[in-house]
Amino acid sequence: MQRIGVFVCWCGTNIAGTVDVKRVADALRNEPGVVFSAEYQYMCSQAGQDMIKNAIREHNLTGFVVCSCSPRMHEATFRKTAEAAGLNPYMVEIANIREQCSWVHKDMEIGTEKAIVLGRTAIAKVNLNAPLTPGESPVTKRALVIGGGIAGIQTALDIADAGFPVDIVETKPTIGGKMAQIDKTFPTLDCAACILTPKMVDAAQNDKIRILSYSEVTDVRGFVGNFSVTIKRKARYVNEEICTGCGLCTEKCPQKKVPNEFNLGMDTRRAIYIPFAQAIPKVATIDADYCTMLKTGKCGVCAKVCTAGAIDYTQKDLIMEEKYGAIVAATGFNPISMEPFDEFAYSQSKDVITSLELERLMNAAGPTSGQFVRPSDGKHPHKIVFVQCVGSRCAGASKGKEYCSKICCMYTAKHAMLIRDKYPDTEVYVFYIDVRTPGKNFDEFYRRAVEEYGVHYIKGMVGKVTPTGDTLRVQASDLLANKQILIDADLVVLAAAIEPDKSARPLATMLTASMDTNDFFTEAHPKLRPVESPTAGVFLSGACQGPKDIPETVSQASAAAAKVIGLLVKDKLVCNACVASSDEAMCNGCSTCERVCPYGAITYADKEFRMPDRTTRIRRVAQVNQAVCQGCGACTVACPSGAMDLRGFSNKQIMAEVDAVCK
Amino acid sequence: MQVTEYKPKIVAFCCNWCSYAGADLAGNNRLNYPDNIKIIRVPCSCRVNPMFILRAFQRGADGVILCGCHPGDCHYTSGNYYTRRRMALLFSMLSYLGIEKERTRVEWVSAAEGAKFAATMNEFSAQVAALGENKRLEDLRCKP
């Protein structure tokens, strides 16, 4: 027989305002098993907890119920209280009489009556509670970072600095991500490559970091501390160990007409290529879609010129299976497609470009070697129109994104400023809905573009861009002056909205990490746990969680690394105590539970049973891996023989709750 | 003779991660819903055994509502899909037994949908109240 204590909390006036706590305590005193009942102003305070501890000792309590706020709030607190007084922490139940009673009802009578029922329900449950001990699972002291942009690089560097091995998996032939394509960074205007490439080199030279470029994660199994990940290393037809990155093959390859994705297709590269001069790893990759040798078997120029003998046309995709304790998603972003926005004539004119294309046009290593000229005729543009929020903040529209892409206001100010600085004879117009420049030194930066550099900022949206002869006719409205404007521009730059990389959605499914409607990863808590995914052991870094600029990305990357390190330093993880368990005497080994388990926590073993007639029989029975079971209870309902039950939420406990509610 | 307003007895099973938190949020925002709805916390909506629902009706509940995370958002990945299938079967069987299908419901309520939780409860309570007392499965031996 249990000896149960009941503690009713006033929570100041939060509960006592609409619930007669004294009456609740008195009413619950007569419930079965209850030997002690009291109320107090703040049960969660030190004094309140001491009161519980004393009652446990004085009245020899075997379990207790706290009628207070939501168990999501203080269940852990009161479990610790129980433990401190020598009671098993799972002998505690909470009756939620604040969030689900006193705050919902205004009438004292109604609130009190409901609180009594809720208390009675919790008592009925705790009468059937059994002491539980959580299991433990080991931690693989190694991390996986998916994505090799600035977010992934920073996370990997920080984890490696703490002494743990890290693998970076990057789908492209090189790490570096979007930042490698950017020319200058705001608000300091220092060159992106100058600050990124040393970090890439650091990552390559760190003996704790292994870079798996041109690779993809294809499967993730396991759970926090014990992930098992399948990685596909795509065939690059070049032996990474031998290639010296001399680049001779990339000069001699006869297939010259491959669109260069690093320059967003504004120039061409060879079928064998190194994406950019500072690529890491600096090895060549053969593009199988364009390589004549791979397609027809007739060429082999690269193999002939390669002095190191690194070319291997027979290379196959390599599948590797690795173990990790923690996984960081750093899959980054892409600008959205401009196809649905044809009012800006993106598909009709070469001189309508996106901002990322402008970055490449202005970059010294870009398609024009840094000469700022129009893509159509190579002439220097004299009148440039920037259009902000293309595809951003399109609430209710059939195309584009509802959210603000966050970085466009600042990079447009940067572009305008750089152009005016280099070519003062250029007129620059920026059309905006709002200028949003929160951030350290950000608004000052934008003011400088307007005041020092004389960039024309016009509030209003561009309605239509029409290519007319040599120029682009831009039709726009000036909302402040309330008039229509026509500008004959030489170049139109669209600040395309950004969206999560396409690889994020399948990855989220593999990781069982949740996503929002825009395919950004969801954080465990929007304010208090911003770098953790709700799935234990999965962390978020960079723009895969939401639009971010570089400083924010780097800080989130380091924050994610700190969380990973905090996990990896542990030798053992304490598992959930409320897990499923099978009654072997009742189990008939039918495999139904195994099929519904989302975690693969159930296995089968042949066990010897003594029969009533003293013979022994060997039967196949289910066994639950406590470290893997997350305690959802799917198996308990599926089990046809009723052998499977969930600790802490057993069939009997829930039935008792149902009975108490319906009494 | 004093006529008291009929209040149906309703059991609400809420999953710990979404709907129970949604119910908490309704409270945080001081949104009202009827006091005759009592919430039982379960780890996942898929923990709800059809037996629990039958038991509730036997013990005199007039309605049972089951709340879980939205499809695709289940904390346990696929638990609510099991719920959806199981309850479709159970509810059709209940209606075969003469329990009106309006007395049962599965609703997806996320942790951010406090307003939806309150609205759903108000609506469901009114719907069950309109049907009156459940006498079909009620076990008279359970009556006080």
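Start by selecting residues 355-362 and 408-422 of chain A: helix H11(A) and helix H12(A) pack at an angle of about 35°, with their axes 11 Å apart. Helices (H or I, at least four residues) and strands (E, at least two) are DSSP runs, numbered from the N terminus. Axes are lines fitted to C-alpha atoms, for helices over the stretch in contact, and angles run from 0 to 180 degrees between N-to-C directions. This is a predicted model, where local features need pLDDT of at least 70, side-chain atom pairs count only at pLDDT 80 or more, and totals for chains, interfaces and linings use all residues. Residues are numbered from 1 along each chain as its sequence is written, while chains are lettered from A and ligands numbered from 1 in the order in which they are written.

**Around H12(A)**

Show side chains here. A:Ser355, A:Leu358 and A:Met362 of H11(A) meet A:Tyr411, A:Thr412, A:His415 and A:Leu418 of H12(A); two residues are in contact if their C-beta atoms, placed from the backbone, lie within 7 Å. By class, that contact holds 4 nonpolar, 3 polar and no charged residues. Ala, Val, Leu, Ile, Met, Phe, Trp, Tyr, Cys and Pro count as nonpolar, Asp, Glu, Lys and Arg as charged, and the others, Gly among them, as polar. H11(A) passes H12(A) in a left-handed crossing, meaning the near helix is turned anticlockwise from the far one by less than a right angle.

From H12(A), pick A:Met410, A:Ala413, A:Ala416 and A:Met417; they meet A:Phe442, A:Phe445, A:Tyr446, A:Arg448 and A:Ala449 of H13(A). This contact has 8 nonpolar, no polar and 1 charged residues.

**A hairpin in chain A**

Jump to strands E32(A) (602-610) and E33(A) (616-624), which run antiparallel and are joined by 9 bridges. Strands count as paired if DSSP finds at least two bridges between them. Click A:Tyr604 and you'll find its bridge partner in E33(A), A:Ala622. The hairpin has 5 residues between the strands, and A:Arg614 takes a positive phi near 70°.

**Over to chain B**

Chain B averages a pLDDT of 90, with 94% of the residues scoring at least 70; pLDDT is the predictor's confidence in each residue, from 0 to 100. Select its open sheet of 4 strands, ordered E2-E1-E3-E4 with parallel pairing. Strand E2 (37-42) and strand E4 (104-108) of chain B are at the edges, each with a single partner strand, so one side of each has no neighbour in the sheet. On average, neighbouring strands are turned by 20° against each other, direction ignored.

Zoom in on E1(B), residues 10-15: it pairs with E2(B) in the parallel sense over 6 bridges. B:Phe13 stands opposite B:Ile40 in E2(B). Bring chain A back, and you'll see H18(A) packing on this sheet, touching E1 and E2 of chain B, its direction making about 170° with that of E2(B). Helix H3(B) (79-96) also packs on the sheet, touching E3 (63-68) and E4 of chain B, at about 165° to the direction of E4(B).

**Last stop: where the chains meet**

Here 36 residues of chain A are in contact with 35 residues of chain B. On the chain A side, H4 (98-102), H5 (108-126), H17 (634-638) and H18 (651-662) each supply at least two residues. Which helix gives the largest share of that side? It's H18(A), with 8 residues.
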